[in-house]
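Here are a few exercises to work through with the model open in your viewer. Try each task before you read its solution.

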2 protein chains.
Amino acid sequence: MSAGSVSLRYFILGLLNQHPMSGYDIKRFLKGLSWLVDSPSFGNIYPTLHALLEDGLATMKVVSQQNKPPRKVYNITNVGRQALHEWANQPVASTMSLKTFVMRLVLAGNFSQERLITHLKRRRDQVADRRSALERATDELGERAGLQRLALDYGLALAATELAWLDNTVNRLSQQPLSLEVVRGD
Amino acid sequence: MSAGSVSLRYFILGLLNQHPMSGYDIKRFLKGLSWLVDSPSFGNIYPTLHALLEDGLATMKVVSQQNKPPRKVYNITNVGRQALHEWANQPVASTMSLKTFVMRLVLAGNFSQERLITHLKRRRDQVADRRSALERATDELGERAGLQRLALDYGLALAATELAWLDNTVNRLSQQPLSLEVVRGD
DNA sequence: AAGCGCATGTAAAAGGTTACATGATTAC
DNA sequence: GTAATCATGTAACCTTTTACATGCGCTT
C-alpha cells in the first residue's frame with residue numbers, strides 16, 4: 001500500500017472519520033472501488049484496526065445483529081481526529097499514482113472545500129507534466145511504431161481525459177461547493 | 001510488484017528479451033514510464049538480475065565504457081526464453097490494474113500479433129465490466145452528491161476513454177499489423 | 001586528493017498477501 | 001449435524017523499499 005501511497009493506517013482512520021465501520025465493512029466498501037483505490041486484505045485490515053485501538057485513535061464496540069454474528073464497529077476518537085489532521089497537513093509527494101490520488105480524494109471529505117480544490121489543482125498540474133513527459137518520449141521514438149509507442153499513446157489518451165475532467169470539476173466546484181456532510185462518530 | 005501484478009522476475013526477463021540491458025538501464029527505462037508501469041528500486045532490480053543469472057535464464061557480460069565505469073549487461077538465454085513463454089501461457093487473472101495491463105502490453109512484444117490482440121480484447125471486456133460496476137454503484141448512491149460520487153465520476157470518465165482507445169486500437173491493428181521487431185540478444 | 005556522476009550491491013525494516021483457524025447464525 | 005454465509009483473527013512467508021556502502025573514471 002505504501003510507496004508514495006497513502007498508509008493504510010491513515011486511510012482507514014479517514015474512513016472511520018466519515019463513518020463508523022467494522023473491518024468487514026471496510027473490506028466491502030473498498031472492494032467495490034477496487035479499481036480506483038487499493039483494496040487491502042483482511043490480514044492487513046484487522047491488525048491495522050487493532051493498532052488504532054491500541055494507540056487510542058479509535059474505540060471499538062461490539063454490536064449484535066439479528067441473523068448474523070456480531071460485528072466490531074470502530075469509531076474514531078478526538079485524538080484520532082487530531083492525528084488525522086496532522087497527517088493530512090504534511091506535504092504530499094509531487095507525483096502520485098491514480099490510486100493514491102483517488103484515496104486522498106476520498107479522504108478529502110475530512111477537510112475543507114479549499115483543500116479539496118487544492119488537491120484537484122495539484123493533480124491537474126501533475127497530469128499536465130506527465131503529458132509533457134509522454135509527448136517528449138513520443139517525439140524521441142520518432143517514426144518507429146512499436147509496443148512502446150502503443151503504451152505511450154494509451155497514456156496520452158488517459159492524460160487528456162484526466163486533464164479535461166479535472167478542469168471541469170475544479171470549475172464546477174468553485175461555483176457550486178460540494179456539501180461535505182461528514183458523519184461524526186462519538 | 002506482485003498481487004495480481006506481473007512478477008518482477010518475468011517483467012525484467014521480458015525486457016531482456018527485447019534488448020540486452022544493465023540494471024541501471026532498466027531503472028532508467030522504467031522510470032520514464034513510471035506512470036504507466038511499476039518502477040522498482042535498485043534494491044529490487046539487482047537481486048532479481050542475480051537470480052536470473054543463478055537460474056541460467058540470463059547471462060552477464062561486463063562492458064567497459066569510455067568516461068564511465070563499466071556496466072554489467074544482461075542477456076536472455078534460450079532457457080530464459082522458454083521460461084518466459086511458459087509464464088506467458090499461464091492464464092491471466094480476470095481483473096488487472098492499469099499498470100499490470102501496460103506491463104503485459106510491453107511484454108507482448110515477445111509474442112504474436114494474435115496474442116497482442118487477445119490481450120487488448122480481454123482488457124476491453126474487463127473495462128466494460130468495470131464501467132458497469134461503477135454505473136451500478138452510482139445508481140445506488142442516488143441523489144447524494146459527495147466525494148464518493150466524485151470518485152465514481154472520475155472512474156467513469158477514465159473507463160470511457162479506455163474503452164474508446166481499446167476499440168480503436170484493436171480495429172487498427174486488425175487491419176494493419178504492428179511490426180514487432182524484437183531485437184534478439186546473443 | 002577531493003568531489004562528482006555513473007553504476008553496482010546489500011542488509012534491515014516495512015508492508016503486504018496467503019493460507020490457515022475460529023466461531024456465530026441460519027437453513028437443510 | 002453439517003453446510004453456507006458472515007465475521008474476526010493470526011502466523012508464516014514474500015516482496016519491496018530504505019538506507020546505507022562500495023568503486024570506477026573523470027575533473028579540478
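Over all chains, the count comes to 16 salt bridges, a salt bridge being a side-chain nitrogen of Lys or Arg within 4 Å of a carboxyl oxygen of Asp or Glu. Bear in mind that this is a predicted model, where local features need pLDDT of at least 70, side-chain atom pairs count only at pLDDT 80 or more, and totals for chains, interfaces and linings use all residues. Residues are numbered from 1 along each chain as its sequence is written, chains are lettered from A and ligands numbered from 1 in the order in which they are written, and side-chain values use heavy atoms, with hydrogens and water left out.

## Exercise 1

**Task.** Find out which residues A:Arg124 forms salt bridges with.

**Solution.** 
- Step 1: take A:Asp125, whose salt bridge with A:Arg124 has its closest N and O atoms 4.0 Å apart.
- Step 2: go on to A:Asp167, where the closest N and O atoms of the bridge to A:Arg124 are 3.0 Å apart. This pair links distant parts of the chain: A:Arg124 sits in helix 6 (residues 113-141) of chain A and A:Asp167 in helix 7 (residues 147-175), 43 residues apart. Helices here are DSSP runs of H or I with at least four residues, strands are runs of E with at least two, and both are numbered from the N terminus.
- Step 3: check accessibility, where buried means under 20% relative accessible area, exposed over 50% and partly exposed in between (1.4 Å probe, protein chains only). A:Arg124 comes out partly exposed at 27%, A:Asp125 is partly exposed at 46%, and A:Asp167 is partly exposed at 31%.

## Exercise 2

**Task.** Work out what surrounds B:Lys27, and which side chain of opposite charge is nearest.

**Solution.** 
- Step 1: list its contacts (heavy atoms within 4.5 Å), leaving aside neighbours within four places in sequence: B:Ser39, B:Pro40, B:Ser41, B:Phe42 and B:Ile45.
- Step 2: look for a charge partner, counting Lys and Arg as positive, Asp and Glu as negative, and leaving out His and the chain ends. B:Lys27 is buried yet has no salt bridge, and B:Asp38, the nearest side chain of opposite charge, is 11 Å away.
- Step 3: see what B:Asp38 does instead. Its side chain meets that of B:Lys99 in a salt bridge (3.8 Å, N to O). B:Asp38 is in the loop between helix 2 and helix 3 (42-54) of chain B and B:Lys99 is in helix 5, 61 residues apart. B:Asp38 is buried at 19% relative accessible area, while B:Lys99 is partly exposed at 24%.

## Exercise 3

**Task.** Describe the interface: how many residues does each chain give, and how many salt bridges cross between chain B and chain A?

**Solution.** 
- Step 1: count residues. The contact takes 39 from chain B and 39 from chain A.
- Step 2: get the area. The two chains bury about 3,500 Å² between them, 77% of it on carbon and sulfur atoms; buried area is the accessible area (1.4 Å probe) that two parts lose on being put together, summed over both. B:Trp35, B:Leu147 and B:Tyr154 supply 25% of what chain B buries against chain A, more than any other three residues.
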